[in-house]
Amino acid sequence: MTRRQNVISLAHKGTCEWLFKTPPFREWKDRIHLQSNNGVLWIKGHPGVGKSTLMKHTLQYCDEKFKDHNIAAYFFNARGGPLEKSPIGILRSLMVQLLEQDSFMQQQFIPHFLKKKIRHGEWCWETGELKEFLLRQYTKCQCKDTLLLIDALDECNDSDVKEVVNFLEDLSEYAILSHSNLRICLSSRHYPKINMEKKIDLFVEHQPEHDRDIFKYVQSKLEAKDQDIRNQILEKSRHIFIWVVLVV
């Protein structure tokens, strides 16, 4: 369940901290303008720009700053097995993480689980029943404050990613209507065909601090202390962090 998250590199020392000072992140964190964003922050960027490292760093930040919240994370993995890149995979992963943290949700879920076990013995969960259960929880406004962090939506195939985004959009709308405290943070490449009506957008390559992170990495890791080489790397990187890592 955490395979992809575990292999993502940690942020280089002194990098990624800029995110938490940006107006979009603060708006999301402080739940400002909820009627226009439904508590959703969508971080977008080109392939290789460093979104997954940024999301892993954000998860560490949220674990520290939102200790009173249920926090569940899912990192899509296109190279992994079916449960690492599918709607049923994300639903099962989010469910088990939330159940581990929320005793009220456990009380609601365990009878449902036992009923299926008695009737069917061995079975597989369906996406519909897990979606319905989660939507009901945030309609009742009886769960703890919750934060969901989902990385690399683009590593799911097109039909599946539409299903995932539609469900998360529904979940955010249900939470707003019931005054539940739900934050959702997503990341993906630029997806022209998949969108949410209400969200906050943040584009990584548009942030000057991201280029400063690349500069810090080159200064720290490049053994050749040649300013001309450094400048060429920075100029040719076009904001793509993984290219810089490979070249260095």
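The paragraphs below go through the fold as a whole, then its pockets and its cavity, and then a few residues in loops.

The model shown here is a predicted one, and its values are computed from the atoms of that prediction. The protein contains 11 helices and 5 strands. Its radius of gyration is 20 Å, which is close to the 18 Å that the globule rule gives for 248 residues, so the protein is as compact as a globular protein of that length. If a box is drawn along the principal axes, the C-alpha atoms fill roughly 70 × 40 × 35 Å.

Two further values describe how the chain is packed. Of the 248 residues in the protein, 50% are buried. Among the contacts with a separation of 6 or more, 77% are accounted for by residues 24 or more positions apart. The accessible surface of the protein comes to about 12900 Å², and carbon and sulfur atoms make up 50% of that surface.

From the surface one can turn to the spaces that the atoms leave free. Rolling a probe the size of a water molecule over the atoms shows where empty space is left. The largest pocket has a volume of about 770 Å³, and of the 33 residues that line this pocket, G50, K51, S52, T53 and I242 are the closest to its centre. The elements that give two or more residues to this lining are α1 (3–7), α4, α9 (208–221) and α11 (241–247). Which of the elements gives the most to the lining of the largest pocket? That element is α4, with 4 residues. Sorted by class, the lining of the largest pocket holds 15 nonpolar, 10 polar and 8 charged residues.

The second largest pocket has a volume of about 300 Å³, and 17 residues line it, of which M1, G89, R92, S93 and V96 lie nearest its centre. Here α1, β2 (70–75) and α5 each supply at least two residues of the lining, and the largest share, 6 residues, comes from α5. By class, the lining of the second largest pocket divides into 10 nonpolar, 3 polar and 4 charged residues.

A cavity, unlike a pocket, is a space where the probe fits but cannot get out. How many cavities of 30 Å³ or more does a search of the whole structure find? The search finds 1, and the largest cavity has a volume of about 50 Å³. Its lining is made up of P87, I90, L91, K131, E163, V164 and F167, which divide into 5 nonpolar, no polar and 2 charged residues. At least two residues of this lining come from each of α5 (87–101) and α8 (158–177), and the reader will recall that α5 also gives 6 residues to the lining of the second largest pocket.

N38, in the loop between α3 (34–37) and β1 (40–44), has a phi near 55°, a positive value in a residue other than glycine. A152, in the loop between β3 (146–151) and α8, has a phi near 65°, again a positive value in a residue other than glycine.

Two other loop residues are partly exposed. P47 is found in the loop between β1 and α4 (51–65), and because its relative accessible area is 43%, P47 is partly exposed. Leaving aside its neighbours within four places in sequence, P47 is in contact with R189 and I240. From P47 to Q137 there are 90 residues in sequence, and the two lie 35 Å apart in space, C-alpha to C-alpha. G121 is found in the loop between α6 (103–120) and α7 (127–140), and with a relative accessible area of 31% G121 is partly exposed. G121 and Q207 are 86 residues apart in sequence and 53 Å apart in space, C-alpha to C-alpha.

Methods: Residues numbered from 1 in each chain as written. Predicted model: local features only at pLDDT ≥ 70, side-chain atom pairs only at ≥ 80, totals over all residues. Heavy atoms only, no water. 1 Å grid on protein atoms, 1.4 Å probe; cavity = no way out; pocket = protein on both sides within 12 Å on 5 of 7 lines; lining within 4 Å. Points joined across faces, edges and corners; volume = space filled by probe spheres on them. Nonpolar A, V, L, I, M, F, W, Y, C, P; charged D, E, K, R; others polar. Rg over C-alpha atoms; globule rule 2.2 N^0.38 Å. Buried < 20%, exposed > 50% of the residue type's maximum accessible area, 1.4 Å probe, protein only. Contact = heavy atoms within 4.5 Å. Areas by Shrake-Rupley, 256 points an atom, 1.4 Å probe, with all protein chains shown as cover.
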